[in-house]
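The structure comes up below.

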Amino acid sequence: MLEQLEQFLPLVVKPGRYVGGELHGIRKEWNAARVRVALAFPEIYEIGMSHLGLKILYHIINSRPQYLAERAFCPWPDMERQMRRHNVPLYSLESFRPLNEFDLLGFSLQYEMTFTNVLTMLDLAAIPLLSSDRRREDPIVIAGGPCALNPEPTADFIDAFLIGEAEEGILHLLKAYEEARGSDGSRRDVLRRLSAVDGIYVPSLYEPEYRNGKFFTLHCREGAPEYIDRLWVKNLDEAPFPTASPVPLIEAVHDRYVVEIMRGCTRGCRFCHAGMTCRPVRERSVDTICALVEQGLANGGYDAVTLASLSSTDYSKIGELVNRLTHLLSGRRISISLPSLRLDSFSIEIAEKIQEVRKSGFTFAPEAATDRLRRAINKHYREDEMFRSLDSALLAGWDLFKLYFMLGLPTETDEDVEAIAALVLNIRNMGRKIRGKRFRTNVSLSAFIPKPHTPFQWENMVPEDLLRRKYSTITGRVPYRDVKISWREPSLCLLEALLSRGDRRAAAVVLGAWKAGARFDAWSSESSMKAWRQSISQAGLDFSSVITFPYGPADPLPWDHIRTGVTKEYLLEERARSRSPEFTADCRERCLGCGVCAHVDLSS
């Protein structure tokens with residue numbers, strides 16, 4: 001394998017993506033392992049090596065002497081071409097073994113626009129794309145991650161999904177596989193055994209039914225459970241966490257040591273998939289976090305630490321944690337960052353303290369520019385509060401503001417769109433007044449995409465032509481060169497909506513687009529809407545009609561068999577409140593009865 005790679009690696013961009021051998025990489029004795037897992041991340045090396053979930057799984061599996069885990073990433077198109085030309089199969093970075101020699105191939109589905117990369121990796125590994133075509137000797141293909149919470153658009157390609165947080169389920173899955181394989185049963189027998197494990201969904205044991213062209217229900221077969229409940233970690237302090245992960249050979253997207261300080265969010269933004277599906281909030285203790293930081297920095301040699309969560313300043317002891325860490329790292333020129341800040345005076349104070357070493361841009365996400373629309377989406381702040389906080393940030397020395405807005409939110413009016421331009425101008429003028437010509441504003445616009453398991457899962461998508469008009473409304477009112485406005489291509493946002501809310505028939509569209517050349521759809525330089533439109537047309541569908549449609553509140557949903565813990569009744573109540581519009585309180589103030597905490601003793 002290595003001799004073959006040497007023939008063409010000098011010809012591809014960033015050959016360091018493909019050679020392995022990193023510090024803290026783990027290479028175990030192949031024949032000594034009872035189960036061998038290839039962790040497959042369907043993105044380039046630099047992105048996959050930044051992903052905390054991959055590092056956690058690598059750590060958990062390899063901490064067990066009877067199991068082995070190695071890594072593989074999706075090759076960039078130039079590398080894919082060379083591999084096909086030289087008949088080199090996709091291999092792991094630890095042992096350079098072809099992926100089809102592993103027992104399990106596990107994909108992390110973080111983003112819908114990586115679905116075609118999954119097919120690229122399967123094809124390069126000489127593994128049949130369709131689960132139904134795989135033989136007994138082929139690896140069992142499993143998948144997890146946020147996109148697994150609606151598994152249907154990829155159900156034809158995946159043998160088994162792990163639903164929820166993998167720390168709770170991966171070792172149970174490996175043990176069940178080991179026992180099933182030891183019984184010398186068929187591939188079908190192995191999958192039936194896996195379906196009996198909590199949190200495991202085996203699509204081939206379910207038959208979808210459609211009526212009048214719409215999804216109607218899934219029929220369980222061969223004793224498969226009617227519902228799959230999301231797995232989640234009850235105690236983060238006791239959850240395994242890596243402090244010596246492989247150190248990338250080339251610069252990763254997030255070139256720093258990352259510690260997850262809490263999981264879940266109590267804010268209840270009605271559009272937010274993670275905020276609804278990662279409940280309840282669980283925190284690591286300050287002592288545990290500080291110990292992990294010390295160990296991770298010593299092992300990895302990083303000069304930056306990220307305190308990660310969905311809403312880091314909601315961590316109940318954030319002040320104490322920041323004080324401890326700044327004292328711990330004092331004089332070592334190691335920066336601390338919080339990737340998710342609220343827009344309030346306390347967050348500004350915390351941000352100012354942690355960015356004494358390195359001051360980056362101040363990032364916040366108003367999402368909407370009017371108080372009414374922010375109430376509709378359950379964003380808890382008013383415009384006067386926002387400007388007081390921005391004033392504090394400017395006086396503290398920030399010269400760059402990064403703002404995030406969504407277009408096409410439910411109940412949005414023309415006035416709401418025009419208000420985005422007005423708000424951007426007000427912030428720009430305020431920044432110039434306080435910070436002078438050095439002040440800059442970056443604005444990111446994206447279309448609202450209704451996501452499964454959220455209060456807005458029943459909503460319409462705004463058509464592509466209307467999204468473009470909304471964008472033009474904003475850009476036409478903000479003429480200054482020091483304000484940079486970027487946006488996600490509306491057609492890609494609409495495609496993401498199809499892949500996030502589709503039923504099992506969407507798999508044929510994914511396969512058709514891949515065959516037509518779709519690769520790296522999340523990358524504007526590589527994505528091909530022509531391939532996707534061609535695939536949708538070949539399926540006998542109209543692009544706009546399959547993407548912009550709403551589900552009715554009484555309609556069966558393709559993901560109804562996946563239970564996150566939040567009840568559909570609660571989601572409908574939240575949708576109704578968005579029409580008032582009415583705030584829903586932070587659930588740390590009082591229990592809102594969403595359903596998550598009703599089933600589990602959090603003290604355990």
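A residue counts as buried when its relative accessible area is under 20%, and as exposed when that area is over 50%. With a relative accessible area of 3%, Phe364 is therefore buried. Keep in mind that this is a predicted model.

**Aromatic rings**

Searching the whole structure turns up 17 aromatic pairs. In one of them, the ring centres of Trp76 and Phe520 are 4.7 Å apart and the planes meet at 50 degrees, so this pair is tilted. Trp76 and Phe520 are both buried.

Phe364 has a ring partner too: its centre is 6.1 Å from that of Phe362, and because the planes are at 50 degrees, this pair is tilted. Phe362 is buried, its relative accessible area being 1%.

The charged end of Arg71 sits over the ring of Tyr58, 5.6 Å from the ring centre. Likewise, Arg501 lies over the face of Phe549, at 5.3 Å from the centre of that ring.

**The second largest pocket**

Which residues lie nearest the centre of the second largest pocket? They are Tyr227, Ile228, Asp229, Ile562 and Arg563, out of 41 lining residues. The volume of this pocket is about 860 Å³. At least two lining residues come from each of strand E8 (214-220), strand E9 (228-229), strand E19 (562-563) and helix H20 (568-578). E8 contributes the most to the lining, with six residues. By type, the lining of the second largest pocket holds 20 nonpolar, eleven polar and ten charged residues.

**Two loop residues**

Lys451 is found in the loop between strand E17 (440-447) and helix H15 (464-477). Its relative accessible area is 13%, so Lys451 is buried. The side chain of Lys451 makes a polar contact of 2.8 Å with the side chain of Glu496.

His380 occupies the loop between helix H12 (371-377) and helix H13 (383-395). With a relative accessible area of 28%, His380 is partly exposed. From His380 to Tyr315 the separation is 65 residues in sequence and 17 Å in space, C-alpha to C-alpha.

**Backbone details**

Most residues other than glycine have a negative phi, and most peptide bonds are trans.

| Peptide bond | Form | Omega |
|---|---|---|
| Arg279 to Pro280 | cis | near -5 degrees |
| Ser580 to Pro581 | cis | near -15 degrees |

Pro280 lies in the loop between helix H8 (273-277) and strand E12 (282-283), while Pro581 has its place in the segment after H20.

Phe96 is not a glycine, yet its phi is positive, at about 60 degrees. This residue lies in the loop between H4 and strand E3 (104-108), and Phe96 is buried, with a relative accessible area of 14%. Asn212 also has a positive phi, near 55 degrees. Asn212 sits in the loop between strand E7 (206-211) and E8. Is Asn212 buried or exposed? Its relative accessible area is 81%, so Asn212 is exposed.

Technical notes:
Residues numbered from 1 in each chain as written. Predicted model: local features only at pLDDT ≥ 70, side-chain atom pairs only at ≥ 80, totals over all residues. Heavy atoms only, no water. Phe/Tyr/Trp six-rings, centres within 6.5 Å; stacked < 30°, edge-to-face > 60°. Buried < 20%, exposed > 50% of the residue type's maximum accessible area, 1.4 Å probe, protein only. Lys NZ or Arg CZ within 6 Å of the ring centre and 35° of its normal. 1 Å grid on protein atoms, 1.4 Å probe; cavity = no way out; pocket = protein on both sides within 12 Å on 5 of 7 lines; lining within 4 Å. Points joined across faces, edges and corners; volume = space filled by probe spheres on them. Helix = DSSP H or I, 4+ residues; strand = E, 2+ residues; numbered from the N terminus. Nonpolar A, V, L, I, M, F, W, Y, C, P; charged D, E, K, R; others polar. Polar contact = N/O pair within 3.5 Å; in protein donor to acceptor, adjacent residues only side chain to side chain.
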